[in-house]
Amino acid sequence: MIELRGVSRLLGSGERVLTVLDGVDLTIPGGQFACVVGPSGSGKSTLLGLIAGIDRPSRGEIRVAGQDFGRMSEDELAAFRGRWIGIVFQSFHLISTMTALENVQVPLELLGDLDARARASELLERVGLAARAGHYPVQLSGGEQQRVAIARAFVNQPSLLLADEPTGNLDTKSGEQVLSLLRQLRRDLGTTLLVVTHERSIARLAERVITLVDGRVAADGPAEAG
Ligand SMILES: Nc1ncnc2c1ncn2[C@@H]1O[C@H](COP(=O)(O)OP(=O)(O)OP(=O)(O)O)[C@@H](O)[C@H]1O
Ligand SMILES: [Mg+2]
C-alpha cells in the first residue's frame, strides 16, 4: 500500500540545510493500522505530508497503491489524493461558512458525485451527528467538529486514511470517541490507517508503532502490550 525507499526531506539552502527526514525506508501493507510516534520535530508531520503527496521528497521514492509519486504532476497528485486518500488534522480544518453536512459533501462534489448529499448524510449518521447536519462548525464542540472531519475524510471511501494528531485538541473522552470511530470505519471499509500521535493510549491500539527520532526510523514493531 505505502512504500518509501530512501526518503529524505531537506529544508533550507546553502549552509542552513536542515535534514528533516533522513533516508526513511518503510513498507505499510494494505489494511494495516500503524501509528507514528516520536519527539516534537522528529519529522512525523513531514512524513505524513509526503505520503499524502502534498509535499515532495528531496531524495528517494514514494509509492502509494502502486503509484510512483515521483512520476506524477501536481495535478495528478491532487486528483489521486482526492480519490484515494482521506486526511484528518489536529485542528479539524472545517469550512466555517458551511454546515456539517456541506463540509462532508465537499470531497464528493469535487469528484462530481451526484449522490453527494445522501452519502454525506449517511456518513454523518455513522459518526453520530445526524441531528447536527445543519449546524455550522462554531456551533459544534471540538469532538463533534473532529467527527465531522472524520466523516468528510471517509466519505470517498479512501483506501488510505492519514491522521496527524487527530485527538491532540480534544479532552480524553472526545479523543477516545474519535479514535474508536477511526477504528470502526477502518474495519468496515478495509482502510489503511496511519496515525501520528503523542498519546501512548492510542499507539497501544495500533498493530504497529513506527518511532521517528531526528528524521530516522529508530524503532518499528508491534505495539507493546499493556
Ligand atoms: N516549512 C518549514 N520550514 C522550516 N522548517 C520546517 C518546516 N516544516 C517543518 N520544519 C522543521 O522540520 C522539522 C520536523 O517538523 P515536523 O513538523 O515534521 O515535526 P513533528 O514530528 O511533526 O513535530 P510535532 O510533534 O511538534 O508536530 C522540525 O525541526 C521543524 O521545525
Ligand atoms: Mg507534527
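Mentor: The crossing of α3 and α5 is right-handed. This is a predicted model, and what follows should be read as such. Helix α3 covers residues 100-110, and its axis comes within 7 Å of the axis of α5, with a crossing angle of roughly 25°. Angles under 35 degrees count as roughly parallel, and α3 and α5 are therefore roughly parallel to each other. On the α3 side the residues that meet α5 are Ala100, Asn103, Val104 and Pro107. Their partners in α5 are Val148, Ala151 and Arg152. Sorted by class, this contact has 5 nonpolar residues, 1 polar and 1 charged.

Helix α3 also packs against helix α4, which spans residues 116-126. Here the axes are 8 Å apart and the angle is about 125°. That makes α3 and α4 oblique to each other, and their crossing is right-handed. From α3, the contact uses Ala100, Leu101, Val104, Gln105, Leu108 and Glu109. From α4, it uses Ala116, Arg117, Arg119, Ala120, Ser121, Leu123 and Leu124. The residues of this contact divide into 8 nonpolar, 2 polar and 3 charged.

The crossing of α5 and α6 is right-handed. Helix α5 contributes Gly143, Gln146, Arg147, Ile150 and Phe154 to the contact. Helix α6 contributes Ser174, Gln177, Val178, Leu181, Leu182, Leu185, Arg186 and Leu189. By class there are 7 nonpolar, 4 polar and 2 charged residues.

The residues around ligand 1 include Leu11, Leu18, Val20, Pro39 and His198, along with Ser40, Gly41, Ser42, Gly43, Lys44, Ser45 and Thr46. An oxygen atom of ligand 1 is 2.5 Å from a side-chain N or O atom of Ser40. For Lys44, the distance from a side-chain N or O atom to an oxygen atom of the ligand is 2.7 Å, and for Ser45 the corresponding value is 2.9 Å.

Note on methods: Residues numbered from 1 in each chain as written. Chains lettered and ligands numbered in written order. Predicted model: local features only at pLDDT ≥ 70, side-chain atom pairs only at ≥ 80, totals over all residues. Heavy atoms only, no water. Left-handed = near helix turned anticlockwise from the far one by under 90°. Helix = DSSP H or I, 4+ residues; strand = E, 2+ residues; numbered from the N terminus. Contact = heavy atoms within 4.5 Å. Nonpolar A, V, L, I, M, F, W, Y, C, P; charged D, E, K, R; others polar. Near = heavy atom within 4 Å. Polar contact = N/O pair within 3.5 Å; in protein donor to acceptor, adjacent residues only side chain to side chain. Axes fitted to C-alpha atoms, helices over the stretch in contact; angles between N-to-C directions. Parallel < 35°, antiparallel > 145°, perpendicular 65-115°, else oblique.
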